[in-house]
Amino acid sequence: MDKLLKGMPWWVKWVAIPVIALVIFGGLIASLVAVVVGLLFKVIVFAILVGALVFVVKRVGSSKSSNRRDW
């Protein structure tokens, strides 16, 4: 492979070959990026929901415990 590319101009190695690879594998790369972004979004939503649940439970728990002290 090195001998094959040695005689080629720089633009073939650094422009043409990557463009051909993007054209051929572009759909695969795009779908992988979409899966990663979707998974990251779901993880962030999960973390926000768990944090909100913990906040609500602590808030409700602290208000009930303060009401019990009043009795």
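This passage walks through the overall form of the chain and then two of its residues.

The structure is a predicted model, in which local features need pLDDT of at least 70 and side-chain atom pairs count only at pLDDT 80 or more, while totals for chains, interfaces and linings use all residues. Residues are numbered from 1 along each chain as its sequence is written, and side-chain values use heavy atoms, with hydrogens and water left out.

The chain holds two helices and zero strands (helices are DSSP runs of H or I with at least four residues, strands are runs of E with at least two, and both are numbered from the N terminus). Its radius of gyration is 28 Å, well over the 11 Å that the globule rule gives for 71 residues, so the chain is more spread out than a compact globule. That radius is taken over C-alpha atoms, and the rule is 2.2 Å times the number of residues to the power 0.38. Along the principal axes, the C-alpha atoms fill a box of roughly 90 × 20 × 15 Å.

Of the 71 residues, 1% are buried (buried means under 20% relative accessible area, exposed over 50%, and partly exposed in between, with a 1.4 Å probe and protein chains only).

Methionine 1 sits in the segment before α1 (2–6) and is exposed, at a relative accessible area of 72%. Its C-alpha atom is 54 Å from that of glycine 51, which is 50 residues away in sequence. Tryptophan 10 belongs to helix α2 (residues 10–70) and is exposed too, with a relative accessible area of 60%. Between the C-alpha atoms of tryptophan 10 and valine 54, 44 residues apart along the chain, the separation is 58 Å.
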